[in-house]
Amino acid sequence: MSRRRSPGQVLGRVGLVLLALPALAAVFAPLVARHSPQRPSGRPLLKPSLGHPLGTDDLGVDIFSQLVYGSRISLAIGLGAAVLAIVVGVLVAVLAGWRRGWVETVLMRLTDVTLAFPFLPLVLVLAAFFGRGLLVTAIVIGAVSWARPARVLWAQVLKLREYPHVQAARAMGATGSRCIVRHILTRLIPVTSAQFVRVANAAIISEAALAFLGLGDPNHASWGMMLANASSNNALLTGAWKWWMVPPGLALTVVVLGFAFTGYASEEWADPRLASPTGRLRFLGRRRRRPAPAPQTAAGAPATGPILSVKDLVVHYDRHGPAVVKGVGFDAPRERVTALVGESGSGKSTIVLALLGLLPGDPLVKGGATFEGRKLLSAAAAARVRGRKIGFVTQAAMNALNPAYTIHFQVAEAAALTMPIGEARRRAGELLENVGLPAEDHGAYPHELSGGMRQRVVIAMALANRPDLLIADEPTTGLDLVTQASILKLLGDLKDQLGLTVLLITHDVQMVLRVADELVILQDGCVVEQGSVATVAADPQQEYTRRLLNTRLSPLAVKV
Amino acid sequence: MLVLAVAIVLNFALPRLAPGDPIDFLIPAEQANRVTPEQREALASAYGLDGSTGQQFVLYLKNLAKGDLGTSTRYGAPVRELLADRLPWTLLLVGTSVVLSMLIGAALGFRSAWRRGSGSDVRTLTGVMVLDSFPPFFVALLLVLVFSVQLRLLPVFGALPGSDAQGLEFALEVARRAILPIAALTLSGIGSAFLVARSAAVTELGEDYVTMAAAKGLDGAGVRRHARRNALVPVWTVGMLNVGALFGGAAPVETVFAYPGLGRLIYESVLSRDYPVLQGAFLLIAAGVIAANLIAELVYPYLDPRVRRPGAVGS
């Protein structure tokens with residue numbers, strides 16, 4: 001079983017190889033280059049020969065030697081400036097983030113101002129005033145680059161200090177400095193290293209630019225200076241660019257690329273979300289298609305049998321991973337509320353996402369599922385019913401609305417799938433009224449509404465196209481008790497009004513007992529018991545069900 | 001505002017903090033040995049360097065308020081006029097290349113994000129990072145090599161045509177001379193726009209509203225529109241940051257093309273030790289950064305309703 005590497009891991013390796021080249025050149029420069037990089041070793045402007053592999057410059061200095069020794073300058077400046085900037089940055093970040101108060105205000109203000117200055121002009125002006133030595137260049141670049149690491153690390157410190165174990169350590173009287181070292185500094189390492197690579201990279205480019213503009217150390221030919229020299233000697237016109245310009249230019253590119261690749265890898269390390277394999281969302285790629293002619297269940301003739309039927313459903317998050325849902329089967333009878341109940345991790349949300357074709361990445365879904373007698377598990381079939389025949393209220397509905405659009409727009413957008421836009425707008429207004437949002441709120445953006453109101457909007461969205469089945473995944477998560485009760489009441493009323501079938505996913509047993517008709521108990525990706533609420537609640541057959549039903553600790557005793 | 005204040009103070013302090021007598025910075029390097037003590041004193045009083053530090057600072061602020069940035073030691077012309085001559089050219093280069101690199105970078109970045117983890121995503125990511133690793137002035141040199149030296153298609157130097165072309169012909173000549181510098185700056189700017197657009201879009205794709213958008217029946221294009229709308233905010237921010245950075249950051253590229261922009265002016269001033277011009281350019285660049293930030297702030301409300309109508313219930 002070979003696990004696929006993330007792009008960052010691959011790029012990181014390539015980056016290290018790229019960096020090894022100039023690093024080796026820098027260390028073994030005297031062995032590699034036979035001539036001095038400073039004193040003339042031949043006639044000026046020689047073409048490449050065995051003695052001078054890249055010829056000589058306008059003073060007769062060997063270009064190959066300059067190239068090899070130039071790696072020392074680039075790396076020294078890059079690493080030197082980065083060490084300086086990171087040390088200052090970490091100090092500022094930890095001091096500001098740990099002490100808070102006026103220290104933080106002053107330090108972060110200073111950081112913001114430094115950040116606001118354009119990098120290269122500031123370096124240019126500072127370098128112009130303070131001279132051209134290598135050390136000065138490194139210090140100037142470092143002095144200008146500490147602000148970004150300081151800002152990023154400061155945000156990280158603020159986050160870390162709110163972590164429970166850090167708070168606990170502080171509450172138990174751990175002294176500041178021990179706390180900082182044990183809990184903060186060690187955890188800052190990934191982010192710090194990502195910033196280090198960034199600064200080093202920027203420092204190398206800046207040094208090259210400075211040297212190219214004639215502000216480099218005149219005693220040490222760096223790559224930027226070689227390019228400037230070649231340029232002022234008209235290497236472009238004489239053809240000397242082939243050995244005088246391309247090598248130092250490419251050398252710069254290789255070092256910068258090496259740092260960029262390792263930087264990308266270290267940023268993945270610092271922020272694992274970037275590397276997570278939840279990569280592709282298959283529903284993104286599909287071409288626009290006309291809404292398929294609705295597969296009408298012969299009008300008038302009452303459809304019979306369960307509206308949704310699932311058999312032996314097996315789901316792997318990815319092809320090589322273990323099964324998360326292990327052969328689940330259940331039916332959702334018409335116009336009833338069926339509840340999928342289980343602890344978090346029991347696979348209940350996964351089942352629904354798989355049915356609707358919304359699982360991210362490259363999942364493996366086996367088994368059978370039919371909706372209104374038609375097969376459901378293909379991507380095309382799921383896309384046909386999604387939003388049209390099956391309405392879905394997602395988990396964590398607090399964030400299920402796009403912050404950039406008004407709620408009316410978001411409901412109308414859903415309705416417009418099956419009706420002309422004018423009608424869709426009217427319907428959106430009606431729906432929002434229906435779920436209890438007065439007309440003056442319809443132009444609101446999600447952030448202007450409370451959690452309960454947002455949840456109502458999501459329900460309105462799910463109902464936009466008069467679905468036959470409504471799937472609600474933990475519809476009351478994150479809401480206060482009174483709001484939970486009112487959302488449940490709304491769902492119940494809508495069900496009766498519209499003759500909906502509801503599939504309710506929850507871990508809240510109290511909620512189930514009040515609204516559900518049918519019960520499917522899940523544990524670890526398997527169904528352990530199912531039946532009508534009355535039978536199962538009265539006489540649970542399984543120990544697990546009994547335990548689940550006995551968790552009456554839930555304080556949801558509010559009656560509506 | 002604070003930035004401008006710091007820039008002013010820094011401008012005042014730098015020549016005084018730097019090693020050596022500030023007057024040395026006012027004397028053109030080639031004349032340094034021939035200046036008599038009397039001349040030095042005359043210079044000192046002319047530039048307000050003879051009072052106490054406090055008096056000097058007040059005088060400096062007064063002159064600044066009058067728009068007097070001093071006199072170039074090299075050209076003998078007021079710094080303000082020199083800057084006013086160069087600014088339009090830099091605006092032309094920087095404005096065009098930032099818009100282009102933002103558009104190209106964002107388009108590629110979003111495209112990569114939708115295909116996250118696929119071969120085409122990894123190829124684009126690698127390609128853009130390689131492109132981004134070429135130092136801007138090296139890109140400029142390569143462009144000159146290919147288009148001017150080898151193909152002889154485009155002129156290399158300056159911004160204005162030598163002949164006295166009129167009207168449309170003049171505009172065309174100016175455009176021909178701007179193509180290569182703009183191309184060099186655009187190519188070097190694509191990388192940051194790409195990376196920001198890609199990671200912003202990837203972050204947005206992980207949000208619940210994207211799943212919800214798909215769940216309510218939108219097709220791929222509809223769902224992408226939802227994510228893109230929110231990913232635009234960071235792309236815009238970085239774009240405006242780039243405007244600030246490029247204001248003086250274009251110096252190496254302008255130098256390659258001998259383009260008479262601000263960056264080139266800074267370069268010339270550094271070489272001739274023309275410190276008043278250097279300070280004036282620095283101040284102007286700081287003002288440019290502030291202007292870019294201001295524009296960014298003015299546009300935020302249109303991009304993000306949470307900025308437009310704050311003060312909400314809930315989280």
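**Figure 1. Contact between chain A and chain B in the predicted model.** In this predicted model, 71 residues of chain A are in contact with 68 residues of chain B (contact: C-beta atoms, placed from the backbone, within 7 Å). Two or more residues on the side of chain A that touches chain B come from each of α4 (101-116), α5 (119-130), α9 (176-212), α10 (223-232), α11 (235-238), α13 (246-270) and α18 (451-462) of chain A. Helices (H or I, at least four residues) and strands (E, at least two) are DSSP runs, numbered from the N terminus. With 8 residues, α5(A) gives the most to this side. The side divides into 49 nonpolar, 14 polar and 8 charged residues (nonpolar: Ala, Val, Leu, Ile, Met, Phe, Trp, Tyr, Cys and Pro; charged: Asp, Glu, Lys and Arg; polar: the others, Gly among them).

Residues are numbered from 1 along each chain as its sequence is written, with chains lettered from A and ligands numbered from 1 in the order in which they are written. Local features need pLDDT of at least 70 and side-chain atom pairs count only at pLDDT 80 or more, whereas totals for chains, interfaces and linings use all residues.

**Figure 2. An open sheet of 6 strands in chain A.** The strand order is β6-β7-β8-β3-β9-β10, with mixed pairing (two strands pair if DSSP finds at least two bridges between them). At the edges, β6 (390-393) and β10 (526-532) of chain A each pair on one side only. Neighbouring strands are turned by 15° against each other on average, direction ignored (axes: lines fitted to C-alpha atoms, for helices over the stretch in contact; angles: 0 to 180 degrees between N-to-C directions).

**Figure 3. Pairing of β3(A) with β9(A).** Strands β3 (residues 337-341) and β9 (residues 518-523) of chain A pair in the parallel sense over 4 bridges. Val341(A) has Ile521(A) in β9(A) as its bridge partner.

**Figure 4. Helix α18(A) across two strands.** α18(A) lies across β6 and β7 (469-473) of chain A and runs at about 165° to β6(A).
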